[in-house]
Amino acid sequence: MAATKTAAPWNEVAKPTVIDEKQDSAERLDFYNSNAAVYDSDMKVYGYGGPGVVAETTHDLFKERLDSRILDVGSGTGLIAEKLLALGQYTNLEGLEPSEGMNKIAEEKKLYTNIMQRFLFLDCGLEHNTYDGVVTCGTFVAGHMKSEVLVEICNILKPGGYFIMAMRDKYLETVEEYKLHLRSTINSLVKEGKWRTVRDEVFSNWVLHENNQGVDGHLFVFQKC
């Protein structure tokens with residue numbers, strides 16, 4: 001089968017980290033900055049369905065509370081926010097994205113009340129018990145978010161708040177970081193009574209057209225206790 005043709009080689013940035021993690025992170029950031037202008041069009045080529053799944057799931061939870069404070073982690077060019085705003089007049093969406101190039105695209109779309117240009121990591125300094133909802137899509141990729149970030153996301157949620165997350169299903173087994181640590185981190189948070197699992201399921205068409213075939217995604221929803 002012929003490979004899916006995109007302007008930028010997005011699968012290359014999803015490969016495991018090299019020995020020098022700081023250098024690798026800087027190189028990935030340069031890649032996102034350099035290719036931000038073609039991100040949206042390339043995702044259309046892939047038939048990237050993940051952001052729509054996250055938006056619809058979020059809307060089901062928040063459609064009666066459109067003023068809820070929701071943080072989009074790894075907000076990129078704003079694909080989740082675009083889908084969410086098409087479903088309801090949300091007034092308090094915030095973005096968090098380390099790529100300046102991606103943020104410039106999102107800012108032009110006027111989707112967020114605020115975008116923080118930074119990384120999210122454990123004990124990163126964000127105020128705890130702040131957000132009604134946190135959403136993310138496509139950030140749990142080799143060399144990107146570590147499993148321990150889930151602890152910080154739980155920290156910044158208000159009690160009763162929701163975390164909605166989607167990732168490529170196969171990465172739960174093929175990416176060593178997630179195979180070893182993701183579910184154990186989830187289970188620890190549940191066992192400690194910090195959040196409960198609302199949804200944990202595979203969905204079809206994470207992307208529709210990668211190498212002419214669909215790819216499954218995985219949806220997680222957690223509620224902070």
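# Close-up views of selected contacts

**View A. A polar atom of the H59 side chain lies 3.5 Å from the backbone oxygen of L87.** The model is predicted; local features require pLDDT of at least 70 and side-chain atom pairs count only at pLDDT 80 or more, whereas totals for chains, interfaces and linings use all residues. Residues are numbered from 1 along each chain as its sequence is written, and side-chain values use heavy atoms, with hydrogens and water left out. The pair formed by H59 and L87 is a polar contact (N or O atoms within 3.5 Å; within protein, one atom must be able to donate a hydrogen and the other to accept it, and residues adjacent in sequence count only if both atoms are side-chain atoms). H59 belongs to helix 2, residues 50-62; helices (H or I, at least four residues) and strands (E, at least two) are DSSP runs, numbered from the N terminus. With a relative accessible area of 14%, H59 is buried, where buried means under 20%, exposed over 50% and partly exposed in between (1.4 Å probe, protein chains only). Not counting residues up to four places away in sequence, H59 touches L84, L87, G88 and Y90, contact being defined by heavy atoms within 4.5 Å.

**View B. Helix 5 and helix 7 cross at roughly 35°.** The axes of helix 5 (residues 149-156) and helix 7 (residues 176-191) come within 9 Å. Such axes are lines fitted to C-alpha atoms, for helices over the stretch in contact, and angles run from 0 to 180 degrees between N-to-C directions. Helix 5 contributes L150, V151 and C154 to the contact, and helix 7 contributes L182, T185, I186 and L189. By class, the residues of this contact are six nonpolar, one polar and no charged; Ala, Val, Leu, Ile, Met, Phe, Trp, Tyr, Cys and Pro count as nonpolar, Asp, Glu, Lys and Arg as charged, and the others, Gly among them, as polar.

**View C. K224 is buried and has no salt bridge.** This residue is located in strand 7, which comprises residues 213-224. The nearest side chain of opposite charge to K224 is that of E152, 9.7 Å away; Lys and Arg count as positive and Asp and Glu as negative, while His and the chain ends are not counted. When residues up to four places away in sequence are left out, K224 touches N129, C154, N155, L157, K158, P159, G160, G161, K194 and W195.

**View D. E82 and K109 form a salt bridge, with their closest N and O atoms 3.2 Å apart.** E82 lies in helix 3 (residues 79-87) and K109 in helix 4, so the pair ties together parts that are 27 residues apart in sequence. A salt bridge is a side-chain nitrogen of Lys or Arg within 4 Å of a carboxyl oxygen of Asp or Glu, and a search of the whole structure finds eight of them. Both partners are partly exposed, E82 at 33% relative accessibility and K109 with a relative accessible area of 24%.

**View E. D200 and R183 are joined by a salt bridge whose closest N and O atoms are 2.7 Å apart.** D200 is in strand 6 and R183 in helix 7, so parts that are 17 residues apart in sequence are tied together by the pair. D200, at 35% relative accessibility, counts as partly exposed; R183 is likewise partly exposed, with a relative accessible area of 35%. A further salt bridge links K194 to E192, the closest N and O atoms being 3.3 Å apart. K194 counts as partly exposed at 37% relative accessibility. Elsewhere, salt bridges that share partners join D40, E82 and K109 into one network.

**View F. K110 has a positive phi of about 55° although it is not a glycine.** The residue sits in the loop between helix 4 (100-109) and strand 3 (114-116). K110 is exposed, having a relative accessible area of 72%. In helix 4, by contrast, G101, M102, N103 and A106 are buried.

**View G. N205, also not a glycine, has a positive phi of about 65°.** N205 is placed in strand 6, residues 195-210. Its relative accessible area is 36%, and N205 is partly exposed.
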